Amino acid sequence: MSFSSQTAITKMRAMYGKMLKEAEYLNILNCNKIEEVIDFLKNNTHYKNSFNILEKSEITEDLLEDLIKREAFLNYKKIYRYANKNKVIEFFIKHIEIDEILKIMLIITGNENKRYLVDLPQYLVSKCKIKLFNLVNVKTFDDLLETLKNTKYEKLLLDFKQKNKEINYLKFEHILYEKFFKELLKTVKAKTKNVELFELNKLIKTKIDNINLCYIYREKTIFKTDSKKIKENIFNFHKNLTPNRLEKILASADSSQLEENFKEIYKNIKNFKLKKIEKYAEKTEFLVCQHYINLSLNLTTVFYCFYILQQIEIKNLIHIIEGIRYNLKKEEIKNYLTI
Amino acid sequence: MSIESMSFVNILGDLNFLDECILKLINFKMFHIEQKKEKISANFKNLNEQNPYIKPLNNIKKILNILGIKKDFNISENLIYSEELKIEKQEEILKIEEEIEKTKEKIRSLEDSLKLISHMKNLDAKIKDVLKTDYIKAHFGRLLKTNYLNLKHMKNEDFFFIPQDEDEEFCWGFYITHKNKDQEISELFKKMYFVECFIPENIEENPKVEIEKIENEIKSLNERLENLENYKENFKDENEILIQKTYLKFKTLHDSFSYRKFAVANEKQFNICGFIPTKKIPEFKNMFEDNNKIVFEFIEDKEEKEYSVPVKLKTCRLFRPFEMYVTTYGTPQYKSFNPSSLIGLIYSLVFGIMFGDLGQGFLLFIGGFIAHKKMKNNLGLILTRCGFCSMIFGLIFDSIFGFEGLLEQYWERFSGLKWLPFHLLKPSNSIPILMISCLMGMAIILISILVNIFLSLKSKNLKEALFSHNGLAGLLFYGGCATAALSLLLFKKNLFSPIFIALIVIVPILLIFFSIPLGNLVDKNSSAEKEKFSVSSSFFDMIDILLSYFTNTLSFLRVGGLALSHAALMLVVMKFAQMAGSINTLGPVAFTIVVILGNAFIVVLEGLIVSIQALRLIYYEIFSRFFQGNGKPFNPVKINYEN
């Protein structure tokens with residue numbers, strides 16, 4: 001392992017050590033107002049660096065979420081310079097590109113009534129292959145096509161436009177991520193070997209399994225979607241969700257049968273309840289990442305875990321902020337957290 | 001090695017003389033006050049009064065703070081009747097300080113405005129012309145640089161953004177829009193976290209003109225501030241002693257008044273009680289001789305049921321500083337045993353062996369003395385004792401700043417002491433020093449057990465005195481085994497005969513094993529709840545006890561071990577010094593530097609380690625055997641001038 005990899009791993013572990021622990025989450029949960037959350041994060045956590053650029057009175061509720069995300073991006077900056085030639089880690093930038101394109105798609109499809117603004121740090125904007133600032137003037141799908149001209153997304157968008165008369169956000173999201181995961185797994189296979197390959201495959205496929213299972217759960221129980229249609233939107237990479245198991249799950253006649261079939265995948269969870277599937281999925285990923293960030297000797301694995309754990313922390317904080325905003329009970333908010 | 005005998009004093013007097021009485025008790029310096037319980041029969045009630053000296057004391061404290069006067073406690077005068085700083089003068093200085101604060105605040109706000117306007121440095125127009133117009137609306141503020149880049153890329157919008165200044169994080173500027181569009185555009189800017197800077201009403205001109213205006217104003221305010229500070233300084237020079245006196249007066253009045261809550265009183269009389277050392281009774285009587293309005297009674301050397309007797313340790317001067325180590329662990333019970341002298345002796349001895357060097361010991365002695373003089377700290381005095389012992393053992397070990405053998409010629413004169421000097425680095429001396437450590441450990445453990453037996457018998461705790469592992473049974477077992485082991489090792493004489501084993505090993509073990517039922521048998525206090533005996537629990541306790549005798553003895557090996565390590569470290573320093581000394585021209589200088597630095601390093605590092613290890617031996621191997629730190633410390637009434 002190279003010296004720079006060791007440095008980056010140590011840095012990530014140190015930053016992971018500063019991440020919020022259960023006791024800190026409980027302290028934040030004790031806050032009754034958003035101002036108290038801001039105060040706590042500003043004075044007692046690693047978010048103080050990002051929060052200190054503004055006065056307490058200047059931090060609004062909307063800005064709070066942005067500042068939390070900003071801290072995560074600043075953390076990536078600290079390690080990205082050690083790993084900018086790593087082909088697997090480059091997918092982190094691709095993931096950000098997809099997220100930005102999806103943000104604008106949400107606006108185009110009318111799912112979100114918000115103006116698109118780039119809120120990424122400058123170092124990330126410069127790393128992206130697409131000109132993010134040009135997206136600020138995009139209002140229609142054709143504008144988007146024009147802006148993404150001569151990028152690898154152009155062909156995807158054109159194909160999508162030809163095949164679909166109506167722009168469906170979920171379909172578009174599926175296509176983007178299908179390609180993303182396909183390329184990621186291909187690169188992992190090509191650029192890594194032995195333990196590193198095993199670890200990354202396990203981590204990525206666990207994520208894909210979780211996305212698929214949560215999707216199946218939602219479609220089968222809430223929207224009562226046809227199995228054939230569900231299958232179309234399933235990512236065709238798996239770890240525990242083998243084709244046989246998938247068939248079995250899709251063939252479930254009712255919720256109890258679905259629950260029994262899901263139990264086979266989440267064997268380690270006692271008192272499995274189907275409605276908690278999203279929480280189990282995130283918790284499984286959280287535990288795997290916690291395991292590898294502590295024990296893995298491979299930069300890519302540790303970076304992946306660090307990235308996922310940061311994302312989970314951001315989600316947890318957003319759950320708390322929204323919970324407090326909507327006056328939810330402490331216990332209720334706690335149920336949404338992955339800790 | 002004892003605890004001061006205490007007498008209970010009950011004072012009754014005319015209520016008008018309560019303050020005078022308290023002041024006398026404070027001056028007496030040996031009165032431990034107790035909260036008197038209300039007496040319904042004589043209509044005596046607790047005095048719940050508001051302390052009238054809080055405000056004047058706070059005022060004078062504020063003045064001390066404002067003028068930066070350090071509290072001086074050496075003014076020896078009758079404080080209560082001394083002159084004080086007049087109220088008008090107090091108010092005057094408080095007003096001056098208020099004005100200083102206001103001026104500073106104004107300067108701060110002007111500086112903020114200056115900072116704000118300096119971000120408009122590119123504006124070549126009057127601020128009012130930009131901000132106060134009929135058809136357009138302009139806002140000045142800052143946004144994150146990323147959002148400024150967003151703005152730069154936006155096309156066909158209903159606003160202009162005119163950047164004025166930027167730093168690493170933010171960009172300052174005006175956004176200008178039509179009045180009708182202002183709300184819509186403001187919403188957009190709000191989403192971009194535009195923080196609007198509110199420009200004070202009076203700032204209207206061109207930024208350059210305004211900057212000059214503000215700078216001039218700040219200058220004149222600074223001049224005013226300087227004058228006020230000079231006035232304050234003069235005031236301090238003129239009144240410093242008077243202010244000190246006023247503080248001491250009000251502090252005395254305030255603190256003495258706060259002791260009134262310990263008294264009970266009716267309309268005419270007060271009643272207050274406490275403890276004084278018995279030997280101070282005549283002095284106490286003399287103090288109230290001239291006042292027939294105050295009467296008192298003593299209950300000499302008798303434990304009061306209502307109040308637990310406070311403990312004042314009485315230790316010889318040589319070992320008095322070691323009281324600190326005892327009280328840190330806990331206060332011994334009244335009429336028990338003050339271990340300060342014993343601890344002082346063992347601590348100094350153990351420290352001396354572990355840190356035996358004449359030169360370094362001398363440095364510790366001097367360092368401790370200076371530390372005590374400068375900081376009035378007991379640690380300094382402890383260090384002098386330890387340093388002295390280090391010097392003695394340094395003589396025995398023939399070591400001066402790591403140079404060994406310098407004293408050999410002098411020792412040769414004492415023909416009777418052929419084993420001296422005792423060079424630690426001589427291979428033949430390594431085992432003896434470790435054995436001496438163990439022997440010392442055995443002796444200390446036996447002394448601790450004896451002290452425990454004595455204290456248990458004194459408190460009539462027969463179970464602890466006879467059957468515990470720190471009692472007679474333990475003494476027989478440990479003392480017997482230690483003697484037999486030493487006899488076998490040193491004189492090759494085996495004492496382990498069947499009778500010896502039966503009497504010194506088996507009988508004490510059985511006594512300790514059955515200590516609970518035997519203890520319940522001899523316990524005369526039938527009302528107390530009897531302890532339950534369990535064979536399994538006693539069995540495991542027994543294993544623990546037997547092991548602990550062994551490990552506690554071995555624990556003292558560290559004394560010899562650290563003595564050897566000290567000598568070995570000094571040897572390393574000397575080797576380095578010799579290597580440095582072999583440099584041709586700079587040899588002697590390099591040698592001296594290495595010796596000095598090496599010694600400094602060893603004094604600090606080893607000094608710290610040895611202090612901690614010696615303290616650990618005291619607390620763990622000695623105190624755990626007999627010390628019960630649940631006594632009440634003796635706290636005489638006093639004025640706490642420092643707080």
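1. Exposed means over 50% relative accessible area. Lys376(B) has 66% relative accessibility, so this residue counts as exposed. The model is predicted, and every value in this note is computed from it.

2. Lys376(B) also deserves a look for its backbone. Its phi is positive, about 50°, although the residue is not a glycine. The residue sits in the loop between helix H11 (358-375) and helix H12 (378-397) of chain B.

3. Asn150(A) is not a glycine, and its phi is positive, near 65°. Its place is the loop that links helix H8 (141-147) and helix H9 (152-163) of chain A. Relative accessibility is 74% here, so Asn150(A) is classed as exposed.

4. Next, the overall build of chain A. The chain holds 17 helices and 0 strands. Its C-alpha trace spans about 55 × 50 × 45 Å along the principal axes. The radius of gyration is 21 Å; a compact globule of 339 residues would have one near 20 Å, so the two agree.

5. Burial and contacts in chain A come next. Of its 339 residues, 50% count as buried. Take the contacts with a separation of 6 or more: 60% of them join residues 24 or more positions apart. The chain exposes about 17,700 Å², and carbon and sulfur atoms supply 50% of that area.

6. Chain B has both element types, with 21 helices and 16 strands. What radius of gyration does chain B have, against the value for a compact globule of 643 residues? Chain B has 39 Å, but the globule would have a value near 26 Å. The C-alpha trace of chain B spans about 115 × 90 × 60 Å along its principal axes.

7. The remaining totals for chain B follow. Buried residues are 46% of its 643 residues. Among contacts in chain B with a separation of 6 or more, 79% are between residues 24 or more positions apart.

8. One helix pair in chain B is worth checking. Two packed helices are described by the angle between their axes and the distance between the axes. For helix H1 (residues 18-28) and helix H7 (residues 207-258) of chain B, the axes come within 9 Å and cross at roughly 105°. Angles of 65 to 115 degrees count as roughly perpendicular. H1(B) and H7(B) are therefore roughly perpendicular to each other.

9. Which residues make this contact between H1(B) and H7(B)? From H1(B) come Asp19(B), Ile22(B), Leu23(B) and Ile26(B). From H7(B) come Thr252(B), Ser256(B) and Phe257(B). By class, the contact residues are 4 nonpolar, 2 polar and 1 charged.

10. Last, Asn43(B). This residue lies in the loop between strand E3 (32-34) and strand E4 (45-46) of chain B. Its relative accessible area is 52%, so Asn43(B) is exposed. Leaving out residues up to four places away in sequence, Asn43(B) touches Ala265(B) and Asn266(B). How far apart are Asn43(B) and Met154(B) in space? The C-alpha to C-alpha distance is 87 Å, with the two 111 residues apart in sequence.

Notes: Residues are numbered from 1 along each chain as its sequence is written. Chains are lettered from A and ligands numbered from 1 in the order in which they are written. This is a predicted model: local features need pLDDT of at least 70, side-chain atom pairs count only at pLDDT 80 or more; totals for chains, interfaces and linings use all residues. Side-chain values use heavy atoms; hydrogens and water are left out. Axes are lines fitted to C-alpha atoms, for helices over the stretch in contact, and angles run from 0 to 180 degrees between N-to-C directions. Helices (H or I, at least four residues) and strands (E, at least two) are DSSP runs, numbered from the N terminus. Angles under 35 degrees count as roughly parallel, over 145 as roughly antiparallel, 65 to 115 as roughly perpendicular and the rest as oblique. Contact means heavy atoms within 4.5 Å. Ala, Val, Leu, Ile, Met, Phe, Trp, Tyr, Cys and Pro count as nonpolar, Asp, Glu, Lys and Arg as charged, and the others, Gly among them, as polar. The radius of gyration is taken over C-alpha atoms; the globule rule is 2.2 Å times the number of residues to the power 0.38. Buried means under 20% relative accessible area, exposed over 50%, partly exposed in between (1.4 Å probe, protein chains only). Accessible areas come from the Shrake-Rupley method with a 1.4 Å probe; for residues, only the protein chains shown count as cover.
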